[in-house]
Amino acid sequence: MSPNEFRIVVEKIRPYTNYIYLHVLGEPLLHPQLDEILTIAETANLNINITTNGGLLERKKEMLLTHSIRQVNISLHDAEENIPSEKWTDYLKSVFDFSIIASTKTYISLRLWNSSNTASAAFNMLCLDEISKKFDLSTQEITEKTKGNGLKLAEHIFLQKAPRFEWPDENGIKSQTQKNCYALRDHIAILADGQIVPCCLDADANMKLGNIFNDELSEILQSERAKNIKKGFEQRKIVEPICATCGFIID
């Protein structure tokens with residue numbers, strides 16, 4: 001999405017929200033014009049939230065620190081699959097260094113969302129051990145179960161632990177029979193080509209509701225498909241078949 005397209009998006013969503021989240025499966029720090037995009041969001045007085053795998057934090061640190069970013073979510077679990085094991089410790093160090101500097105004005109959420117995956121045990125243990133040493137916490141404190149914002153590590157820095165979930169897949173097993181969801185309740189997702197979908201997990205636009213560059217957002221949100229999906233979740237009913245393949249669950 002170009003900065004000019006992003007500016008159109010901001011103008012159209014601004015009457016509905018004070019928040020914007022820069023993610024939807026892709027890595028926002030790879031965007032070559034992220035600096036300009038952040039400036040556009042700031043000018044509109046939007047609360048900016050970024051979700052990143054953290055691999056580019058060191059390279060993008062100076063640019064990120066010049067902007068007013070409300071929250072940065074760092075998916076630690078992504079490193080297990082995408083970074084060689086001999087570089088895990090260096091990766092965590094760069095994440096911690098950024099987190100401590102940025103936390104003076106930004107909330108940091110360190111996400112370890114693979115606690116149910118037994119194959120991730122060694123990686124998780126390394127993460128928890130390094131976090132424990134860095135933030136001077138005991139083994140009991142670092143391993144206890146938490147909800148909501150997670151375990152507070154330092155001022156504005158939190159650790160969120162959660163089971164790994166399956167992304168929705170139109171060819172996946174439809175194992176879910178009832179579901180509550182945040183989709184259309186408190187968020188929608190806008191993809192790079194302007195397609196609007198109910199939630200941030202529908203990166204392949206399986207549930208197209210409209211296009212923000214061609215349609216009015218008010219009409220999209222009041223479309224029959226959108227209203228049926230929202231009403232279904234309010235009643236814990238699955239309206240769209242692909243939602244039955246999604247492993248994300250609200251406690």
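Me: Which residues line the largest cavity?
Reply: In this predicted model, the structure holds one cavity of 30 Å³ or more. Two elements, α3 (57–65) and α5 (88–102), each give two or more residues to the lining of the largest cavity. The complete lining consists of Leu64, Leu65, His67, Ile69, Val72, Phe98, Ala102, Lys105 and Thr106.

Me: How do the residues of that lining divide into nonpolar, polar and charged?
Reply: The lining includes residues such as Leu64, Ile69 and Phe98, and also His67, Lys105 and Thr106. Sorted by kind, the residues lining the largest cavity come to six nonpolar, two polar and one charged.

Me: How much space lies in the largest cavity?
Reply: Rolling a probe the size of a water molecule over the atoms shows where empty space is left. For the largest cavity in this model, the space comes to about 50 Å³.

Me: Which elements do the buried residues of α3 pack against?
Reply: Within α3, the residues Leu57, Lys61, Met63 and Leu64 are buried, and Leu64 also belongs to the lining of the largest cavity. The buried residues of α3 pack against α2 (34–43), β2 (47–52), β3 (71–75) and α5.

Me: What is the radius of gyration of the protein chain?
Reply: The secondary structure of the chain comes to nine helices and nine strands. For 251 residues the globule rule gives 18 Å, and the chain's own value is close to this, so the chain is as compact as a globular protein of that length, with a radius of gyration of 19 Å. Along its principal axes, the C-alpha trace spans about 50 × 45 × 30 Å, which leaves the value asked for, the radius of gyration, at 19 Å.

Me: What percentage of the residues of the protein chain count as buried?
Reply: The protein chain exposes about 13,600 Å², and carbon and sulfur atoms supply 48% of that area. A residue counts as buried when its relative accessible area is under 20%. Of the 251 residues in the chain, the share that count as buried is 44%.

Me: Is asparagine 214 buried or exposed?
Reply: Asparagine 214 has its place in the loop between β9 (210–211) and α8 (217–221). Its relative accessibility is 63%, and the cut-off for the exposed class is over 50%. Asparagine 214 therefore counts as exposed.

Me: How many Å apart in space are asparagine 214 and isoleucine 229?
Reply: In sequence, asparagine 214 and isoleucine 229 are 15 residues apart. Taken from C-alpha to C-alpha, the distance between asparagine 214 and isoleucine 229 in space is 22 Å.

Conventions
Residues numbered from 1 in each chain as written. Predicted model: local features only at pLDDT ≥ 70, side-chain atom pairs only at ≥ 80, totals over all residues. Heavy atoms only, no water. 1 Å grid on protein atoms, 1.4 Å probe; cavity = no way out; pocket = protein on both sides within 12 Å on 5 of 7 lines; lining within 4 Å. Points joined across faces, edges and corners; volume = space filled by probe spheres on them. Helix = DSSP H or I, 4+ residues; strand = E, 2+ residues; numbered from the N terminus. Nonpolar A, V, L, I, M, F, W, Y, C, P; charged D, E, K, R; others polar. Rg over C-alpha atoms; globule rule 2.2 N^0.38 Å. Buried < 20%, exposed > 50% of the residue type's maximum accessible area, 1.4 Å probe, protein only. Areas by Shrake-Rupley, 256 points an atom, 1.4 Å probe, with all protein chains shown as cover. Contact = heavy atoms within 4.5 Å.
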